[in-house]
Every structure is written in structure tokens, then in C-alpha cells.
There are 2 protein chains.
Amino acid sequence: MDMTPDDKLQLVTEGKARFRAFLLPVTGDEHAGEDTPLDKWEQRGVPTRSMPVFYNPAMVVNRNISVLGVHAWKDNTRGSTKICDAMCGAGIRGIRYLLESGIDDAHVDFVDLNPAAIRSCEENIALNQIPPTAWKTHVQDANAFLYGRAVHEEDRYAVIDLDPFGNPMPYVDGALKALRRERGLLHLNATDLAVITGVHRLATLRKYQVTPMRDVPHHAEISARVVIGAIFKRAMAQDITIKPLFTLARHHFIKIIAERVSSIDQANVDRQNALGYMMQCRACKDHHVVRVDELRASSECPACKSTHVDHAGPLWIGELQDAGFCKAMLASFKDFRYMRGKQETAKILGLAAGAAGFPAGSHDVHEIAASLTLSPPSMEIIVDDLHRAGFLAARDVINPTAIKTTARRVDVGNILRARHHA
Amino acid sequence: MDMTPDDKLQLVTEGKARFRAFLLPVTGDEHAGEDTPLDKWEQRGVPTRSMPVFYNPAMVVNRNISVLGVHAWKDNTRGSTKICDAMCGAGIRGIRYLLESGIDDAHVDFVDLNPAAIRSCEENIALNQIPPTAWKTHVQDANAFLYGRAVHEEDRYAVIDLDPFGNPMPYVDGALKALRRERGLLHLNATDLAVITGVHRLATLRKYQVTPMRDVPHHAEISARVVIGAIFKRAMAQDITIKPLFTLARHHFIKIIAERVSSIDQANVDRQNALGYMMQCRACKDHHVVRVDELRASSECPACKSTHVDHAGPLWIGELQDAGFCKAMLASFKDFRYMRGKQETAKILGLAAGAAGFPAGSHDVHEIAASLTLSPPSMEIIVDDLHRAGFLAARDVINPTAIKTTARRVDVGNILRARHHA
């Protein structure tokens, strides 16, 4: 794999970083944005494994949140300033951490198996005039590198960013090992959506070892829970667990920020309570969760008592968002008004903070309204109506037409009907 | 961890190898043999993590089988002579492969994170006058080493031996990656029996991610299936699978020899057919298997129709032994008559070859006879009686008082009764 020819490199600015990289082409009049579905990217043939050193402008909001996440965590690093950009490519994530995370004396190890990527990364580091004490590059397999750094606690990282092409699971064990015991922070992107969502069902069963579920309105949340569940299963085999702090699922990526929690007791508690199945009733179309040890005994829908209930999992049925962490990201947002995509970034963080604390799954207001042949009210109105009826409710961050709520599907339907007849 | 003081080192011969190592102490008049239960070792405090460079005489039969296994495989290595002793300690396994496996120009990489182990290993290599072209030592984390060797096919191994203290699962991904695509051979020992068997149930659920089952006569076979199932789950996440060639469970270890099979299609087939649950009926005490996708739908015992059926898994419900491989080991046994423990070694290989091809689980003749208040006939007689009644039957290799058979428990009971009244 040679380096991209120089004449195709473009100078780009993102956040406080400038860099030269191969810009992903946008064909015709399509706008490649956060919501461009994965299959569109795949149809256009980009990104591909044979084009390793590229800049994907559609990921700007994703990277903004990464920067805000490290910034919000900086008081927890307790003197460790070591960050690992484990599949660095052209280096954009690591460079932005150095320029924007606010960690004094931050040091980034940039790792990539592709020498062309490391050359590109080094040029971009130079372009941003980063002092040589703040970084080191490594042409190495990410796992070989991470396991080497995992041996001694003093070599481990405060933050590890895993942003592979496709499935991140092969790197999760090494990353969890190479994080500091106390308050290590994992940033992870998954882009193998066709596998995670169950489009390629056999691959889902092999690689994530879960039964997938696709034809439900909260399928994107299920996908995020599949990824977190897979990370957690790797963690508990190491006698540790994870605490998800921020979770997002979009058409072409799933993004997780999670803390390494080095506690066997908490791992046992999470295995029992936070690992399980999302159940979907074929009769009333409501959903519920069962814990991992209870699938075999579970048989009927708690809402309508039907015994025709499908399951997806085992996956993470615990918290997806930490309200405090999301609010901390929002609180420092005023320092980041220079960011491209800042409105979308702030909106996501606000919704994520509000979505914390709710049961797994969501109710899609548009889908329920359509099933009742009603036109849906605004999301604000339905949230207000649910509050007045005594339920907790908030807009969902993952599905923009859904609400997180303690109400059942039938309750949401009744409120839609009442609003219609009001 | 310092090296063991020289005055405690003893000169030992095993197979064709001579070496100096700290001999595991045998207290009182106890004989430390293959069948010394794990808890005895644990009570005596040996081996422990703080005593890293030791020689365990109780493992001689285990290592004999390793040598015979590599010898039987030598025509499959297709020109690759690379062997990795990934947790080499004093180097006994790798040295025996070099001296006894019959592979021309064999080369062994000896890997250990402990510098004292590598020094001991190098002294033992010198003691056996092995030429410097045949080996290299590496003070390195096993995973960091294995992932580094996994990048390029030409660096990968024909044989990798994983013999860690305790749980081998943290090294399985790296070992599978670092095996040659074609006919790579994995040797693996697990000694964390209290975890595998479910004595420490929460640890079983965390580390092997299976529901264990202890109070059945074939619990040792279940334990071996737990380990193989865990290896297979790691393999299928890599789009490959494994073919177990030899499986043994003893009081203080589980030993697996398996081929890496680089086929997504076979991985899918194995996931569907060879991963599942061992079911135990509380009413009639017979056992059966269900496939991994069928647990939720399964409810009754096929023998007695009781619905009180416990499950263990997900675990490997496929083949444990490959008759051809076991017979190949036996066929070359005449060249290995110098081996200490040769009678036990040959007996195990013969039983393993005979146990191939049977359904999962076994029937313990002594236990069934006791439940009927009969005294058991010899194993040979019951096997003959089962053959005459039209069942396939053979002595089990894992449980010496059990038979592998196509008969149900009730059939075995009827034959015991008939023999008693004959």
C-alpha cells in the first residue's frame, strides 16, 4: 500500500488542527454528512481498506465529541497524560487531542501498521508545530503495541482511542489491558454496521455472538447495546467491567465512550443486571428486557401476556449515557465554539444527557401514530403529555423520532389518541 | 521475581531432554502423579505464581502427548518448521519438541515475560547442546509477541504451545492469529479447574461465559467442552474455526490439541451444530444436548419427557477426539519407548482413539449400578453387552469408570440388570 499521491492531498482544517490528507470524494450533488447511511458509503466504494490514509469529513461531529470527552475527563487522569491513538491513520484524532483536550503536557502515541499512514501522520504533526516531546509514532500492529504497553501499570494509558476500519472487537482486549487501572477512558468507533445490525446475520452470530433484531424502531439502540455488550463480555473475562459514559448510533457508525472499572464485584453485578436480552412482542409490539440468566424461563410479554416474544442478545441492557459526563461535555462547550458542526454536536450532547437513566429501548412516536392512523404531534408535546400523565419521558438521542420513557407502548398510544381527540 | 537459588535446582531427565529446574516438592508420602487433584496442589501451595521457573513431574504424560502430537503432525507442516513455546518457563516443552518431534530443521521461539525463566531456559538449551540456529528466546509478553508474529503469514507458526499458569483464554486470540492459515496446530493446557468446573461459579460466568454444571458423573468432559467452546467462540469471531484432535481432562489440567481451520463456512456450520448445551434431566438423570440456537425452545427430556432439565453451556458439543490423529500418535509410539510414563501415555491414546465419534456425555457404569443397588461388572463386559444389544460403545478416556455409547441411561441400566440376573 503506497502513500496516496501528493496531488490528491488537500489541506483541511478541523477543530484547531490543520492537516493534509486524501479527502473522501463526494459524488454528484450528494452531501456526505453524519447521516449518510453506511450503504451509501459502501456503494461509493469509500472508505476502503486499500485507501488507508484518508480524511472523512462526515466524522467531524464524532471527533468533536471525542475531543470534548477527553476534555471533560481531564481532571480524572490524575497526573497521567498518556493518550494512545491506536489506528491513527493521518493522525487527526491524536493531533486534535494534543491541541484541544486541555490536558497539560499531554503525550500521544500514534500507532498504525501502515508506514504510509505514519508518514502522513508525521507530516501533519509537523504542520501543527507540535513539540517532539508530545508525541511518538509507531509502525506496529495495534494489539502487539497495546499488549506491550499493558505489562507495567506506569506504561498504561489514561485514554485509548480505537477507530478501526470496521469491527473494533479484535482490539478491545488489548485496549482494556493497556488502560490505567483507575479511570482509564476508552473511545471506540464501530463501522461494521451491516454485521452489528444483523444484515449479515451469520457474521453477527460469529463476530458479536448475539442474536440480532432488525425490524423494530429502536434497532439502532439495539446495535449500540450489541457493541457495548460485546465490550463488556471481553472486560468481565479480564475481571473488570466498563461504565458507558456516552453512546451514539448513526447510520454509518456507533460511538462509545466508556470508563474502565477495575472491580470484580462490579463485573459480577453488571453480568447479572446489565447483560441480557431485548425482547419484542409480536402481538402488541411492545418491548421489554430480561436479564441474561432469565431468558430460558421468560416466556410471555409483560404488557399483553402473549407468548410470541422474540429476543435479541445477549447485549448490554444497562445505562448508555452518564448524565454527569454528558453535562460536563456541554458545560465546557463555550470554549469550543470554533468547531465545525458545533450545533449538531451540542444538540447530541444535550439529548444524550436527557436520555440517561431510562429503561432500554424507546418508543417511536411516528411509528406508533402511524399504527393508529393518527398524525404525530411534536416531540415536545408528547413529552409534556407523558409528564402530565405521571411518566418520566425525554427525547431520544439515537432515534430522533422516539422518546425514552417509563411508559409502555400502550400508554403512549393512549396519549396520542387523547391528544388527537382533544 | 528472582531466579530460584541454584542450590534448589535439580538435574532432571524427561524424554530425550535433560535440564535443571526447581522440582516441585512432594510432601510426606504423597505421590504427585497425573491424578493428584488440583486442590491437593493448591493446598500444598505449589505451583504458585511467585515460583515461576519450576519443573512439574506430574505433567510428564501431558508433555509426552504434546511431543507425540507434534510428531504425528509433522507431515502436515508443509515446510514450515516454526514452533512457539509461548510461556516457556524452563523450556522443557520447546526443548522436547526440538529433540523428539522428528521435524527436520525445527525452530522454536521460547517466550516468557520473566527474565529468570528465559535465563533458565537458555541454560537448559545449552545443556542439551541444541545448535543456535534452532532456537531464539524472547523476554516479552506472550500476546505482544504473538500479535507481532501474526501480521505476515510467513512469520506465523506451524505449532503454538500455550501452557500458562491457570486460564489460557487471554492468549487464545493471539495464538489463533499467529498460527499458519493452513494446518496450524494449537496445543493448550488449562489448569484453572476451579473456574472451569464451576466451583467458583461467578468466575466461570465471567471468564468462560458459560453456565457450569458440577454434580454429574461426566463433569470432567463438560469442563473440557467448556474450554473448547471458549476457544471456538474466539475462533469464530476471527472468521475461522477449530477442529479438536485430542482432548483430555484430568484432576489438575485440561489438555486440548486442535487444528486451526481457516473457513468461514465451516465456522458457521460449527456454530450451528457444534456449539450448544449439555442438558441434564433431574427426573431420570439422563443427559442430552441441544444446539445453541435451540435452548429457549427446548423444554423436555427426550428420554422421560420430564420438564425439569438443567443446562450447562454454551459449550462445544462436537467431536473431542480425531480417531486418525490419535491412531497416528499411537502408530509412532514404538519410537518413543524411552519415555517415562509410557504405559499411561499409550493407554490414554488408545482410549482417546476409541472414544471418537460418540455423542457428547458418557454413562458412568459405577454410578448407574450404585443407583440400582447392583455391583458393576467389568468395563469390558458392559461394552460387550452393549454391542450385543445393538449399541455402539467404548470405554471413555476422560472418566475411567464410564462408557461412551449410543445407548441411553435406561438402556445401560437394563443391561446391568440383565447381567445381574444372568
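Copies in this predicted model are superposed by least squares on the C-alpha atoms of residues with pLDDT of at least 70 in both.

**Exercise 1.** Determine how chain A is related to chain B, and which residue of chain A comes closest to the rotation axis.

*Solution.* Begin with the superposition: chain A is brought onto chain B by a rotation of 180 degrees with 0.0 Å of shift along its axis, and the RMSD is 0.0 Å. The two copies are thus related as by a two-fold rotation axis. Next, locate that axis relative to the chain: the residue of chain A that comes closest is A:Ala144, whose C-alpha lies at 2.0 Å from it. Finally, turn to the interface, where 100% of the interface residues of chain A are also interface residues in chain B, so the copies meet through the same surface.

**Exercise 2.** Check the length of helix H12 (residues 342–355) of chain A, and work out how its buried residues are arranged.

*Solution.* The expected span is 1.5 Å times one less than the number of residues; for the 14 residues of H12(A) this should give 20 Å, which agrees with end C-alpha atoms that are 20 Å apart. Seen down the axis of H12(A), the buried residues fall within an arc of 165 degrees, so they line one face of the helix. Those residues are A:Thr345, A:Ile348, A:Leu349, A:Ala352, A:Ala353 and A:Ala355, whereas A:Gln343 and A:Lys347, on the other side, are exposed. The partners against which the buried residues of H12(A) pack include helix H2 (60–73), strand E9 (241–249) and helix H11 (323–331) of chain A. After the helix comes A:Gly357, with a positive phi near 90 degrees.

Note on methods. Residues are numbered from 1 along each chain as its sequence is written. Chains are lettered from A and ligands numbered from 1 in the order in which they are written. This is a predicted model: local features need pLDDT of at least 70, side-chain atom pairs count only at pLDDT 80 or more; totals for chains, interfaces and linings use all residues. Side-chain values use heavy atoms; hydrogens and water are left out. Contact means heavy atoms within 4.5 Å. Helices (H or I, at least four residues) and strands (E, at least two) are DSSP runs, numbered from the N terminus. Buried means under 20% relative accessible area, exposed over 50%, partly exposed in between (1.4 Å probe, protein chains only). The arc is that of the directions from the helix axis to the C-beta atoms.
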